[in-house]
Amino acid sequence: MKKIDPQSWKADMPLFREKAIAYAKGEIKKAEYKGFSGRYGSYAQHDPSKNMLRLRMPAGRVTAQKLAYIAEAIRKYNVPRAHFTTCQTIQLHDMDAETTSDIMEGALDVGIVTMGGGGDFPRNTMCAPLSGVQKGEYFDVLPYAQAVGEFAMNFINAEPMPRKLKVGFSNSPENVTHATFRDMGYAARPDGKFDVYTAGGLGNNPRFGVKVAEAVEPDQLLFYLKAMWVTFRTYGDYQNRGHARTRYLQEILGGADKYKQAYLEKLKEVYASEEDLTLHVDPIVFTKTGDGSTVSDPRVIEQKQEGLYAVAWHPIGGMPTVEDLCAVSDAMSAMEQVEMRIAPYETVYIINLTGTEAKKMLELTRSTAKTVFETSVSCIGASTCQVGVRDSQALLRACVEAVREAKIPDGALPQIHISGCPSSCGTHQIGEMGFRGAIKNKQPAYMFYLSGCDRQGEEKMGAELGTILETEIPRFLVELGQTVAASGKDYFAWKAENPDGVEKIAAPYLAE
């Protein structure tokens, strides 16, 4: 398998710096710059003088060395905002062109690559965040996710694809990376093999993936990825960007069965090419052991490695303060084999901690969600994103404040998912409750979705119930939470007894 040396991307850096500075001076139009900068994992924000940089973290894995670089950059350049994203990356925000260029180039020295983080390229390969340390997982898929991600980087300088390509790995039926409805998904099996799903995705025209193969040996995964790339390039819509994602191939080719047939034909061609894509990976081995110290806390997870723990940290909206992020980095640097894992729901896990170390991390991450509802997911929002419709982060903060003020108990409300626009970066279509930015009667509003599910075998897109004005959403959630709390049950138990209960409470809030 051909691997790209991160240092080789430095040859691309001068052009980015030149274009970024030119855009800041108003010498390049917004659309032209957006088409250019996405390849580098950077976009100008809603305020065109500020930039976002997306730091790829393959498989959501953040080593102490990588986090130390991020902390150093934050301090050196006074970066004010960071975001844990639903694609398991770390985004830095509100930077000028020079700072963005400096951090992008310096990141390569510690193996952090931003190339392909936007635009029509393979995005960050995703992986179950606790893979390798999670009790009950089928097996550790992280080594395979990392290797597939490295191989996918070769497509950045290859023949162009119609649009981006997202790849995900699951290690259990929890399916938190949505492996069964990504452009390319590898779902682990109890027998140590993978089922392969392709041509799925959220957003406009959402589709669950088509299962194209079962019980695939792990060393064959690259053949299937290459076949997806060839299929996408052969049949994808290069004329209409709105229909250019892989999920539209199911329609283009006449349905799921005909799509599968076309994909398998390309798979045969890949095998017939005799390109050696056999995958060889080394297991990831942690030699650290517990020291006898123990810890108990709702945010602490016992690892399958005896005596070691993971600490969950969910800053509201996936937006840690940069001071907290730097403090966590400093602590990690002094701990043996401790690393961070980013989850697709904007939680991060700090893993391989002894009981004593876990207690320290609990203290450093005390600015965290205190309830299930507060772990709700939100994209970065329209106040930052150029293509956003609504400020999803502001809505989430308003909802959290209202629920706290009303003293709604933990469990009375589920985690919600908020996307500022139809792109579904907040995965609104697959949450138990989802909200998607819209306009209603010339007022800020959100489409309301209910009863989505991402668990493998139970996948379901949320049903669209109607549009709620932005100002009414906190009130609706408070009323729902109070109703559930009064029953003495948690949200899901209450809903099971009242199947149309949410719809009845939501009805008066739906805008006509």
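This is a predicted model: local features need pLDDT of at least 70, side-chain atom pairs count only at pLDDT 80 or more; totals for chains, interfaces and linings use all residues.
Local features need pLDDT of at least 70, side-chain atom pairs count only at pLDDT 80 or more, and totals for chains, interfaces and linings use all residues. Residues are numbered from 1 along each chain as its sequence is written, and side-chain values use heavy atoms, with hydrogens and water left out.

Start with the rings. The structure holds 21 aromatic pairs (rings of Phe, Tyr and Trp, the last by its six-membered ring, with centres within 6.5 Å; planes under 30 degrees apart are stacked, over 60 edge-to-face, the rest tilted). One of them joins Tyr144 and Phe194, edge-to-face, at 5.9 Å centre to centre and 75° between the planes. This pair links distant parts of the chain. Tyr144 is in helix α5 (residues 142-152) and Phe194 in strand β9 (residues 194-198), 50 residues apart. Helices (H or I, at least four residues) and strands (E, at least two) are DSSP runs, numbered from the N terminus.

Phe194 also pairs with Tyr186: the centres lie 6.2 Å apart and the planes meet at 75°, so this pair is edge-to-face. Both Tyr186 and Phe194 are buried (under 20% relative accessible area, with a 1.4 Å probe and protein chains only). For Phe194 the value is 0%.

Elsewhere, Phe16, Tyr23, Tyr33, Phe36 and Tyr40 form one aromatic cluster. Lys19 lies over the face of Phe36, at 6.0 Å from the ring centre. The charged end of Arg233 sits over the ring of Trp229, 4.8 Å from its centre. Such a charge has NZ of Lys or CZ of Arg within 6 Å of the ring centre and within 35 degrees of the ring normal.

Note on methods: Buried means under 20% relative accessible area, exposed over 50%, partly exposed in between (1.4 Å probe, protein chains only).
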